[in-house]
Amino acid sequence: MVNKLYLVTPRGFCAGVEMAIKALHWLLKIYDETIYCYHEIVHNKWIVKIFEKNNVIFVEDPSEIPEGSIVMLSAHGTAPDIEEKFNDIASISINSVCPLVTKVHHEAKNFSKEQTQIIYVGHKNHDEAKGALGVSPKNMHLVESIEDVKNLEIGQDVALLAQTTLAKSEWEPIMEYSKNKYKQLKMPRKSDLCYATTNRQEAILEILPEVETVLVVGSENSSNTKALVSMVQNKGIAAHRIDNVEDISAIDLSANVAITAGASAPDHIVYEIIDKINPNILEHFELKKEVEYFPLPQQLRKNIRLISNFLENFNDSENKPYAQLGISNDKEWTATEALNSL
């Protein structure tokens, strides 16, 4: 029996995930046809299944979509050559890349223009890493460990970039080693690591002295979820990644437990798990509030306004409807509400 369960905040959807989910929701609402999405819109099984049930098809290559399709490119970022291929085939292409990932792409472009070799710290075959490496494939070198950096022979004009969803424990040792190996190492003025990933890690670290076990809600292919689990385990505390409430049955829980969620995990799953655990005490632990907001992709906003203006011309009524969830009020509603409306 669990005595005390700490519900940790921040957890769950980050601003990039919020933006991407709402963007795909808008496409479904304004276009009455199949929407094709490059990669999973976010790395969460439940969310992917919800969209698949609502006429979204997830693809891994431009060759999988018909001519004239409506396409959304995922929040994890898309290599420029792949984006160009989608744009050539699609009638409408909306890029829902997280602005923090876009920042890394811009950094890679700028360093490449200087003919600088770029060490990119990331996970091989992760969607974000594949997209970033595609920005400048001749200049970029993926590393996952200090040993990988040791084996690089790329001169001394070197820059260091990171996959945004890395744990600090993954990033910092490689960064320190690289600084020692490359005395003139170039780095971005602001860290590449995602604020949400870092916040979730810091919140869990604060609560660790109080618990025997940590539960992290999120899918297996979610890098930031796995980073949370690894970080806790490296501190000598039991940690388990769980997709849904069914996964709880395989875990022996007692004493004090903390629960959090990766940046693409829906909060209703967290509460289903809490109900299943049924602790003696549920305590809310909040490290900080997240106020970050990323607006919908510019092209999507333009399309929505054009359609809204077109439809308004057909409305002869003196009483115009109030667009409570319209594009101008995007801050006022959430990705959770968007998913619930599907």
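How many disulfides does the count come to?

Analyst: The model is predicted, so local features need pLDDT of at least 70 and side-chain atom pairs count only at pLDDT 80 or more, while totals for chains, interfaces and linings use all residues. Residues are numbered from 1 along each chain as its sequence is written, and side-chain values use heavy atoms, with hydrogens and water left out.

The count comes to 0 disulfides, a disulfide being a pair of cysteine sulfur atoms within 2.5 Å. For Cys98, the closest cysteine sulfur is that of Cys14, at 6.1 Å, which is too far for a bond. Cys194 is likewise in no disulfide: its nearest cysteine sulfur, again that of Cys14, is 5.3 Å away. Cys98 is buried, with a relative accessible area of 11% (buried means under 20% relative accessible area, exposed over 50%, and partly exposed in between, with a 1.4 Å probe and protein chains only). Cys194 is also buried, at 7%.

Helix α8 covers residues 195-207; helices (H or I, at least four residues) and strands (E, at least two) are DSSP runs numbered from the N terminus. The 13 residues of α8 reach 19 Å from first C-alpha to last, close to the expected 18 Å, where the expected span is 1.5 Å times one less than the number of residues. Of these 13 residues, 10 are buried, so α8 is largely enclosed by the rest of the structure. Among the buried residues are Tyr195, Thr197, Arg200 and Ile207.

Thr197 leads on to Asn224, which is in contact with Thr165, Thr197, Gly262 and Ala263 when neighbours within four places in sequence are left aside (contact means heavy atoms within 4.5 Å). Asn224 lies in helix α9, residues 223-234, and is buried, with a relative accessible area of 8%. A polar atom of the Asn224 side chain lies 2.8 Å from the backbone nitrogen of Ala263.

Elsewhere, a search of the whole structure finds 1 aromatic pair. Rings of Phe, Tyr and Trp (its six-membered ring) pair if their centres lie within 6.5 Å; planes under 30 degrees apart count as stacked, over 60 as edge-to-face and the rest as tilted. The pair is formed by Tyr38 and Phe86 and is tilted, at 5.0 Å centre to centre and 55° between the planes. Tyr38 lies in strand β2 (residues 35-38) and Phe86 in helix α3 (residues 80-89), so the pair ties together parts 48 residues apart in sequence. Tyr38 is buried, with a relative accessible area of 9%, and Phe86 is buried at 0%.

Definitions and conventions. A polar contact is a pair of N or O atoms within 3.5 Å; within protein, one must be able to donate a hydrogen and the other to accept it, and residues adjacent in sequence count only if both atoms are side-chain atoms.
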